[in-house]
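Please open the model in your viewer and keep a selection tool at hand.

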Amino acid sequence: MKEQQTYEQTYKELDTIVRNMENDELDIDRLAEQLKRAQELIKQCHDKLVKADNEVKLILNTAQ
């Protein structure tokens, strides 16, 4: 089982993929592969943000 990346690691990997795409550093064979990976990373970032938001809301609600 692959170890879960932190949000920062996930975002950094996504940022690298985006920069490579913007700079035309990916050949057509790797482009589809990297797009799929970027989609996975976006979902992971979204899920982590939603989880953190829910935890913060829970903490703030119980503190009142």
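A residue is called buried when its relative accessible area is under 20%, exposed when that area is over 50%, and partly exposed in between, as computed with a 1.4 Å probe on protein chains only. This is a predicted model, in which local features need pLDDT of at least 70 and side-chain atom pairs count only at pLDDT 80 or more, while totals for chains, interfaces and linings use all residues. Residues are numbered from 1 along each chain as its sequence is written, and side-chain values use heavy atoms, with hydrogens and water left out.

**Stop one: Thr10**

Select Thr10, which has its place in helix H1; helices here are DSSP runs of H or I with at least four residues, numbered from the N terminus. Is Thr10 buried or exposed? With a relative accessible area of 0%, Thr10 is buried.

Now show its polar contacts, each being a pair of N or O atoms within 3.5 Å, where within protein one atom must be able to donate a hydrogen and the other to accept it, and where residues adjacent in sequence count only if both atoms are side-chain atoms. The side chain of Thr10 makes such a contact with the side chain of Gln5, at 3.3 Å, and a polar atom of the Thr10 side chain lies 2.9 Å from the backbone oxygen of Thr6. If contact is taken as heavy atoms within 4.5 Å, and residues up to four places away in sequence are not counted, Thr10 touches Gln5, Leu41, Gln44, Cys45 and Lys48.

**Stop two: the tyrosine rings**

Next, select Tyr7 and Tyr11. Rings of Phe, Tyr and Trp (its six-membered ring) pair if their centres lie within 6.5 Å, and planes under 30 degrees apart count as stacked, over 60 as edge-to-face and the rest as tilted. A search of the whole structure finds one aromatic pair. The rings of Tyr7 and Tyr11 have their centres 6.2 Å apart and their planes at 20°, so this pair is stacked. Tyr7 and Tyr11 are four residues apart in helix H1, about one helical turn; Tyr7 is partly exposed at 28% relative accessibility, and Tyr11 is partly exposed at 46%.

**Stop three: the loop**

Move on to Asp24, in the loop between H1 and H2. Although Asp24 is not a glycine, it has a positive phi of about 55°, and at 68% relative accessibility Asp24 counts as exposed.

**Stop four: along helix H2**

Select residues 28-63, which form helix H2 with its 36 residues. From its first C-alpha to its last, H2 reaches 52 Å, close to the 52 Å expected at 1.5 Å a residue, where the expected span is 1.5 Å times one less than the number of residues. Which residues of H2 are buried? They are Gln34, Arg37, Ala38, Leu41 and Cys45, and these buried residues pack against helix H1 (7-22).

Highlight Gln34, which counts as buried at 11% relative accessibility. Leaving aside its neighbours within four places in sequence, Gln34 is in contact with Ile17, Met21 and Leu26.

**Stop five: charged pairs**

A salt bridge is a side-chain nitrogen of Lys or Arg within 4 Å of a carboxyl oxygen of Asp or Glu, and by this rule the count comes to six salt bridges. Begin with Asp15 and Arg19, whose side chains meet in a salt bridge at 3.0 Å, N to O; both residues lie in helix H1, four residues apart. Asp15 is partly exposed at 31%, and Arg19 is partly exposed at 41%.

Then select Lys43, which forms a salt bridge with Asp47, the closest N and O atoms being 2.8 Å apart. Lys43 and Asp47 are four residues apart in helix H2, about one helical turn; Lys43 counts as exposed at 51% relative accessibility, whereas Asp47 is partly exposed at 37%. Elsewhere, salt bridges that share partners join Glu13, Arg37 and Glu40 into one network. Within this group, the side chains of Arg37 and Glu40 meet at 3.1 Å, N to O, and Arg37 counts as buried at 16% relative accessibility, while Glu40 is partly exposed at 42%.

**Last stop: Gln64**

Finish at Gln64, in the segment after H2, which is exposed with a relative accessible area of 80%. Gln64 and Glu25 are 39 residues apart in sequence and 51 Å apart in space, C-alpha to C-alpha.

Terms used:
Helices (H or I, at least four residues) and strands (E, at least two) are DSSP runs, numbered from the N terminus.
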